[in-house]
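This report describes the fold and the charged side-chain pairs of one protein. The sequence and the model are shown first.

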Amino acid sequence: MLDNIKFFADKSETLKEARINVKEMSTIKEVGIFIGLFLVMFVILNIFEFIFMSISPIPDVVFFSMGGFIIVPFIIYFYVTKIEKRSWRSIGFSKGNALSSTLKGLLIGFLMFSAVVAIGMLLGQFRFNGFDLSSLVYLSPCFILFAIQCFGEEIYTRGWTMTYFYKRHGIFAAMVISSIVFVIPHLLNTGIDLLSVVNIFIVGIVFAVLFLRFDNIWICGGVHTAWNFSQGIIFGFNVSGISTPSLMNFSQAGQNLINGGSFGPESSLIATVVFVIVLILAFCYPKK
């Protein structure tokens, strides 16, 4: 499997572009720059999240703040092209396959979460309680919000963080660091526990492998969007501890490690199994 990772990395046009204009610097300076950009982005993102929350059509629905992530691509674009002097392609924005890769990612993400629901129902952990057709009006705006948030996270963690550390520390260190960075924003979410952290880290590795395997950011954004959208808006579970309007109404058999409790099914052992299976499939997918 590790050989496959190296193979994908060696063939990646994204990583080839990322190696252009690499400047030597100390590890302290490198980490300092990364933390500095993180703090700048954190402040600006919170301002934009506050703005989106203030115009939310549904009072007290936190997930409307996800619209604030719309600022992330602009910050990363400015830093990558103006400061690092490398191309937009070097963080995964490939041309010609944006739509097809995004659609493929959406399908993968939907199938992944549907598998979690199916397994949970077979184990008696999830129960279907009917539809809420009044939520149909929220499907389109919620899909857009999830897409903004998920693509924003992927551009930052896989597109920039992973390529930023890859240039000097190699692909394996870059994958681990990007997955750790992916975990950090979730640590203050409602219901977070050790299994939540482990699962988020694992799915971060899954996204990293997909990023390498398909050599673009579109596939990651598509999978991430469909996973969150399916989990919250379609099936009605909490998304990383956050509740949303939903088309279906599912209940859980109590709060336990098998079903994920208040954090949502992504904090479940069921999700762990699905993530590992997808990771293996991504590794084993024919190299050509």
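How many salt bridges does the count come to?

## Salt bridges

The count comes to six salt bridges, a salt bridge being a side-chain nitrogen of Lys or Arg within 4 Å of a carboxyl oxygen of Asp or Glu. The model is predicted, so local features need pLDDT of at least 70 and side-chain atom pairs pLDDT 80 or more, whereas totals for chains, interfaces and linings use all residues. Residues are numbered from 1 along each chain as its sequence is written, and side-chain values use heavy atoms, without hydrogens or water.

Arg168 and Glu30 form a salt bridge whose closest N and O atoms are 3.2 Å apart. This pair links distant parts of the chain, 138 residues apart: Arg168 lies in helix α6 (residues 139-183) and Glu30 in helix α3 (residues 27-54). Helices here are DSSP runs (H or I, at least four residues), as are strands (E, at least two), numbered from the N terminus. Arg168 is partly exposed, at 23% relative accessible area, whereas Glu30 is buried, at 1%; buried means under 20%, exposed over 50% and partly exposed in between (1.4 Å probe, protein chains only).

## A pair within helix α6

Arg158 and Glu154 meet in a salt bridge at 2.8 Å, N to O. They are separated by about one helical turn because they lie four residues apart in helix α6. Arg158 is buried, with a relative accessible area of 0%, and Glu154 is likewise buried at 0%.

## Overall fold

The protein has nine helices and two strands, in the order α-α-α-α-α-β-α-α-α-β-α. Buried residues make up 53% of the 288 residues.
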